[in-house]
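Thanks for passing this one along. Here are my notes, as numbered points to read with the model open beside you.

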Amino acid sequence: MTALTPAIWGTTYLVTTELLPPGRPLLAAVIRALPAGLLLVAITRRLPKGVWWWRSLVLGALNIGVFFALLFVGAYRLPGGVAATVGAIQPLLVALLAAGLLGERLTLRTTLAAVAGVAGVSLLVLRADARLDALGVAAALGGAAVMAAGVVLSKRWQSPAPLLASTGWQLVAGGLLLLPVALLVEGPPPAALTTANLAGYAYLTLVGAALAYALWFRGLRVLSATKVTFLGLLSPVVATALGWLVLGQDLTAAQALGALVVLAALVVAQLQPSRPRPRPRASSNLAPVVARRPGLVHGGVPDE
């Protein structure tokens, strides 16, 4: 079920290019987060209590607000393939943070799977003529880092509230942080929206945010942070597949190989580590001797 979230996120590119007005990514991020959060809060009718006011703000900023803003900068200053490849380092960052903050074991297999994931994504989306931009690379790395921190802290700070309520708090916090940035950078929303625009925004709000983030945070409650973040590698695979199937984009042999590498890395990361077999206990001759002594029962208690 958790894997549905990155699969849904992989449809964002198709929805954005085909249904939304061009050049308004921050507006799309706000509409994706804020209405979904308000809807979930209205349904659950639960507000944060105590420390969860500031924790929800921190998690909403890391998982949604700051992450989307850095993603926007990276996407505008870098080709999509470069941004996606840099962002694919997130599983390795989560594994390192989880080892320090959650006590999760950092194994060689997890490290190699993370490196393979980056290599697979680069084969899938990176182009030979891709250009690099220092600010864009820094923004992409920052986006991966803040999302990694958000994943680990979401696992460390387990909310006592129902899942939909805590998801709604984070979406509201992230959306409110993004709102002034979107107004400052992109200006007010368009005066007129088409039916296609409204359908695209409704999909991002209800499916891309409310449903997807609820499944994502549910996964963080029942799975390790490292396993959850590896599932995020599905997003570029789904986006590439939809571009090929729906938009008629070319799919090269290198891209197909990259998809296979990503899927293999994802599967390897989900495998349970082998546990050493317990050693058999050394047999003791004391128990039979005690059991044979008259006047004693099991445990050394005198009988009648």
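1. A word on terms before the first packing pair: two residues are in contact here when they have heavy atoms within 4.5 Å. Please also keep in mind that this is a predicted model.

2. With that in hand, look at helix 4 and helix 9. On the helix 4 side, the contact is made by Trp52, Ser56, Leu57, Leu59, Gly60, Ala61, Asn63, Ile64, Gly65, Phe68, Ala69 and Phe72. Their partners in helix 9 are Trp169, Gln170, Leu171, Ala173, Gly174, Leu177, Leu178, Val185 and Glu186. By type, the residues of this contact are 14 nonpolar, six polar and one charged.

3. Now the geometry of that pair. Two packed helices are described by the angle between their axes and the distance between the axes. Helix 4 covers residues 52-77 and helix 9 covers residues 163-186; they pack at about 40°, and their axes are 7 Å apart. Angles under 35 degrees would count as roughly parallel, and those from 65 to 115 as roughly perpendicular, so helix 4 and helix 9 are oblique to each other. The crossing of helix 4 past helix 9 is right-handed.

4. Which residues touch the most other members of the largest nonpolar core? They are Phe68, Leu171, Tyr213 and Trp216, in a core of 41 residues. At least two residues of this core come from each of helix 1 (4-9), helix 3 (25-44), helix 4, helix 8 (134-156), helix 9, helix 10 (195-222) and helix 11 (225-231). Helix 3 gives the largest share, eight residues.

5. Leaving aside residues up to four places away in sequence, Trp216 touches Thr2, Thr5, Pro6, Trp9, Met147, Val151, Val228 and Thr229. There is also a second, separate core, with 13 residues; Ala113, Phe230, Leu233 and Val237 are among them.

6. Next, helix 12 (residues 234-245), where serine 235 lies. Is serine 235 buried or exposed? Its relative accessible area is 16%, and the cut-off for buried is under 20%, so serine 235 is buried. Beyond residues up to four places away in sequence, serine 235 touches Pro6, Trp9 and Gly10.

7. Alanine 241 is found in helix 12 as well. Its relative accessibility is 31%, so alanine 241 counts as partly exposed. Alanine 241 and alanine 256 are 15 residues apart in sequence, and their C-alpha atoms are 9.6 Å apart in space.

Methods. Residues are numbered from 1 along each chain as its sequence is written. This is a predicted model: local features need pLDDT of at least 70, side-chain atom pairs count only at pLDDT 80 or more; totals for chains, interfaces and linings use all residues. Side-chain values use heavy atoms; hydrogens and water are left out. Axes are lines fitted to C-alpha atoms, for helices over the stretch in contact, and angles run from 0 to 180 degrees between N-to-C directions. Helices (H or I, at least four residues) and strands (E, at least two) are DSSP runs, numbered from the N terminus. Angles under 35 degrees count as roughly parallel, over 145 as roughly antiparallel, 65 to 115 as roughly perpendicular and the rest as oblique. A crossing is left-handed if the near helix is turned anticlockwise from the far one by less than a right angle, and right-handed if clockwise. Ala, Val, Leu, Ile, Met, Phe, Trp, Tyr, Cys and Pro count as nonpolar, Asp, Glu, Lys and Arg as charged, and the others, Gly among them, as polar. Buried means under 20% relative accessible area, exposed over 50%, partly exposed in between (1.4 Å probe, protein chains only). A nonpolar core is a set of buried Ala, Val, Leu, Ile, Met, Phe, Trp, Tyr and Cys residues joined through side-chain atoms within 4.5 Å.
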